[in-house]
Each structure stands twice: as C-alpha cells, then as structure tokens.
Amino acid sequence: MKHKVLQKAMLVSLSVMLIGISTVFSTGKQVFANSDNEADSTRTLKVLYWNEDDFKMTYGDLFSQKYPNVNIEVVTPGGMEAIRDYNGAIQKYSPDLVMLPPYQYQQMSKDKKLVDLEPLIKRDTYDTTTLYPGLLDELKEQGGGKLYGLSPKADSYALLYNADLFKKYNVKTPTDGMTWEEILNLAKKFPTKGDKNSRIWGLSSFGSSNLVMDIARTEGLTYLDPNTLKATANTTAWKNAYRLSSEATKSGVLDELISLSGKSYLESNSFIMGRSAMKVASISQLQSLQAAKNSVKNYKPFTLGIAAGPAAKDRKSTGNVYIHEIFAIPAGASHVDAAWDFIKYFNGEEYANEYYKPKNSNNSIGAPLSRMIKEYSGYKLDAFYKLKPNLDSSITSYVLMNKSPNFELRFRSIVLKELTQVANGKKTLDKATAAIQSNTQAVADKLKKAQVAK
C-alpha cells in the first residue's frame, strides 16, 4: 500500500515538472532566475571591452563595490581595432556583456543576437520612468521594435542663451524645438558692430564649415552613401545647410574664433563672459559657467536660459545626441542575471547620484546620464531630454569611419574651401554646391580604388 502511494506521488511530481517544461517551450518566452536570489552566491561576469584598465576605472571598480560577489573577467581582443568584428569576438570569447556602438547594436538586434531586456525589466519591476524617454524609443526602433540594450550616457546638446541680452535688445527668447534657421534668424537681431574682443555676438560657433556639419547632424544628413560610396552632398537639404551657414558668416553674427591672447579659456569664451546671445552646448558648459563665477576676477553672472534644440524640421527630433556605448547581453550568454545587474546599476538612480556628486565638480562631465535628473550645477536639465534622438547619422558616420578614418576631415576641408569663396563673393552657392559634390565624389572614388587594390 505504501509502495503504491509513493509511486502515485512520484507520478504527480513528474507530471507537474513536465507541465512546467512544456509551458516554457510552448510560450517561447525567455525565463530567467531572479538575481536577488543569487545575491549570496559567487557569480562570474565575462565582459567584452577594448581595454581592461579603462573598464576597471570607468565601470568595474565601482560595480565590484556594489556587487563584491561578482567576479569580473574582461576580455580584450587586441584593442579597438580588433573589436570592430563584434560577431567574431563574441563567438570566440562568449561574453555575458558587451558595450556596443549604435551601428553594431542595430545590426546585432536585426540578427536576433541579443537578449530582449523587457522581460527582465518586467520581472524585476525595474523603473524606466525616469530614463530618457526619447532614447528608449530610439533604441527600440533601432532594435526592430524590441529593447535589446540600454545606454547609461546620452551626450545630448541644448540651446543655451543669455536671457539678459535678449531682454536688453528686445529680442524674443528662444523656445523648445527651434530649427537652425530660426536660431540663426534670432542671432541676426543682435548688433554686429564693434571690436571683436568686446562686441556682442548673436551665436557662438567655430566657423561656417563647422556650422554646416552641426546643421547636417541635427537633420540627419549624410554626405556619402556608405554602401555605394556615392556622394550625396548636393541634395536640397545639404544646399540649405550651405546657404544658412554662408549667410550667417556674411551677416557677422557668428563668433567664430576664441583668441586666448594670454587669457584663460573662461575669459576668452564670449558666451561665458556674457558677450554672446546663444550657444549650442552640452552640460559641460554649465560647469564652465559655475567655474567662471569662482575663478574669473570681477565676473558678472547673467541669467541663463536653456531651450531644447536645435531640432530637425519635425521639431521633435535631433541628431545632436551622441551615444557611445549601449550595454547589451549576447544571446546564449551564460550569466544573464549578472550582466543584467550590471546594466541595471549603471542605468539606475544610485549610479546617477554617484556620477553627479559634488566631489566630481572638478571633473569634466560632458555627457548627461540617460537616467534623468532635475538639475545640475544649479541649472535645470529638462531641455536636454525633450527631443527624440536620431541615431541614423551617427550610424552612417561609424560605417564611413571604418572605411576611411580621415574621410570626414577631407569633406570638412572641401566645405570650408568652397563656402569661404561663397562668403567672399567669389563663387555662387550653386557652383560651390556642385564643387563640394564633385570633390567629395573624387575622394570617394580614390577610396574605392584603394579598396579594390587591397
């Protein structure tokens, strides 16, 4: 009798176990153990990164303080050059965690080679409400509708302006979502006369050729098709960028040069010193403003305004957001939970509090975190998070850089030469546009020949 009861109990247990297994396979869902249950056990995390020392200094040491039970193994396949082949490196080293540039994230997501993070987010009720919403949307779009990675830093820019100068010259202050053309039209409303070292400037910039690239970045323009190597620098959108920068140069509103002349960087920066109405900048400029208050003799602070922008023509997106590393977990990773703990930490509030601590005030924090905070250095940061990032142009730039690291510099020099002639009245905009297109194609053709020769 006891034998029959025991046999029946074993059959029931086996049935329950089979039902559980069947459920996993029939739903096709990812099933993960809760990492909280493994908190007391020693775990391993294998990370693919370009330099072990840099990883430890940037991430590893801080993470080990939080998770001392995790043994981190950093695999470095020969440095930055070798890690361009992420697929090969992942196959060879079988890492649990990778830090991907946007292009590799896009390609590996498309090939279903990464773990979908949303089931993990749901399982752990991980708070994403204070993560940069536009960035989350863009990562999902680049991932084909699924979230395969998170990026802790979003190097976003905003339009900083001197509210006192706008009031003095009775100019309407900038608003969120302004395009480059609207910003430059505002700049033209300020006086253009006076000595360059003491006059007022409408916009701080580093030359019309750089302004062209800034406009192109905002609008998501590319000057070359990375697949066909056909120049695309003569489109209507590109011609508009050339026009805007040339007109701005002619009008005299651009503060194109910073002349040190024995002065410090802060004293030579016209925007920081209150002599420029606007500047497109990252949050590092906020640090510089605070530093000027403490270190520049007889410094006169001004009322700073910050608007979301510049924006693309849709007024909702911008290419002026730089993403350098997207944390992701390769499909088939052995230690998913350890990798997920790492991603959670560096995209969480605890790390954000550490990152923005006053003790770091002497360091240059050029990129705001994707975990949003309300203010930094006494200034509100919401404008840095209002526009949706567009990573397409940075993805194209990455591909072109791998084909030819110096190509963008060549393109910039071509643009500078042609637009200087336009500004000096020696060439029409149409002829300059045609020359930029033909010269860019000539450089691309040489690149093609070099590739064939290899």
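The tour starts with the whole chain and then goes from stop to stop.

**Whole chain**

You are looking at a predicted model. Show everything as a cartoon. The secondary structure comes to 17 helices and 16 strands. Colour by accessibility next: of the 454 residues, 48% count as buried. Now turn to contacts between residues at least 6 apart in sequence. Of these, 77% join residues at least 24 apart.

**Stop 1**

Select helix H4, residues 102-110, and helix H15, residues 392-403. Their axes are 8 Å apart, and the packing angle is about 100°. An angle of 65 to 115 degrees counts as roughly perpendicular, so H4 and H15 are roughly perpendicular to each other. Show side chains at the contact. H4 brings Pro102, Tyr103, Gln104 and Gln106. H15 answers with Ser394, Ile395, Tyr398 and Val399. By class, that makes 5 nonpolar residues, 3 polar ones and no charged ones.

Stay here and centre on Gln106, in helix H4. Is Gln106 buried or exposed? Its relative accessibility is 17%, and buried means under 20%, so Gln106 counts as buried. Leaving out residues up to four places away in sequence, Gln106 touches Gln142 and Ile395.

**Stop 2**

Switch to aromatic side chains. The structure holds 33 aromatic pairs. A pair of aromatic rings is described by the distance of the centres and the angle of the planes.

Pick Phe63 and Phe342. Their ring centres are 4.9 Å apart and their planes stand at 55°, so this pair is tilted. Phe63 belongs to helix H2 (residues 52-66) and Phe342 to helix H13 (residues 336-346), so the pair ties together parts 279 residues apart in sequence. Both Phe63 and Phe342 are buried.

Phe327 sits in strand E13 (residues 326-328), 15 residues from Phe342 in helix H13. Check accessibility: Phe327 is at 0% and counts as buried. Phe342 is buried with a relative accessible area of 0%.

**Stop 1: a charge over a ring**

Select Arg199 and Trp201. What sits over the ring of Trp201? The charged end of Arg199 does, 3.7 Å from the ring centre.

**Stop 2: a proline in a loop**

Go to Pro174, in the loop between helix H7 (163-168) and helix H8 (180-187). Its relative accessibility is 6%, so Pro174 counts as buried. Beyond neighbours within four places in sequence, Pro174 is in contact with Leu159, Tyr161, Phe166, Leu186, Met278 and Ala307.

**Stop 3: a lysine past H8**

Finish with Lys188, in the loop between H8 and strand E7 (203-204). Lys188 is partly exposed, with a relative accessible area of 34%. Not counting residues up to four places away in sequence, Lys188 touches Glu247, Ser251 and Val253. From C-alpha to C-alpha, Lys188 and Leu254 are 9.2 Å apart in space, and they are 66 residues apart in sequence.

Conventions:
Residues are numbered from 1 along each chain as its sequence is written. This is a predicted model: local features need pLDDT of at least 70, side-chain atom pairs count only at pLDDT 80 or more; totals for chains, interfaces and linings use all residues. Side-chain values use heavy atoms; hydrogens and water are left out. Axes are lines fitted to C-alpha atoms, for helices over the stretch in contact, and angles run from 0 to 180 degrees between N-to-C directions. Helices (H or I, at least four residues) and strands (E, at least two) are DSSP runs, numbered from the N terminus. Angles under 35 degrees count as roughly parallel, over 145 as roughly antiparallel, 65 to 115 as roughly perpendicular and the rest as oblique. Contact means heavy atoms within 4.5 Å. Ala, Val, Leu, Ile, Met, Phe, Trp, Tyr, Cys and Pro count as nonpolar, Asp, Glu, Lys and Arg as charged, and the others, Gly among them, as polar. Rings of Phe, Tyr and Trp (its six-membered ring) pair if their centres lie within 6.5 Å; planes under 30 degrees apart count as stacked, over 60 as edge-to-face and the rest as tilted. Buried means under 20% relative accessible area, exposed over 50%, partly exposed in between (1.4 Å probe, protein chains only). A charge sits over a ring if NZ of Lys or CZ of Arg is within 6 Å of the ring centre and within 35 degrees of the ring normal.
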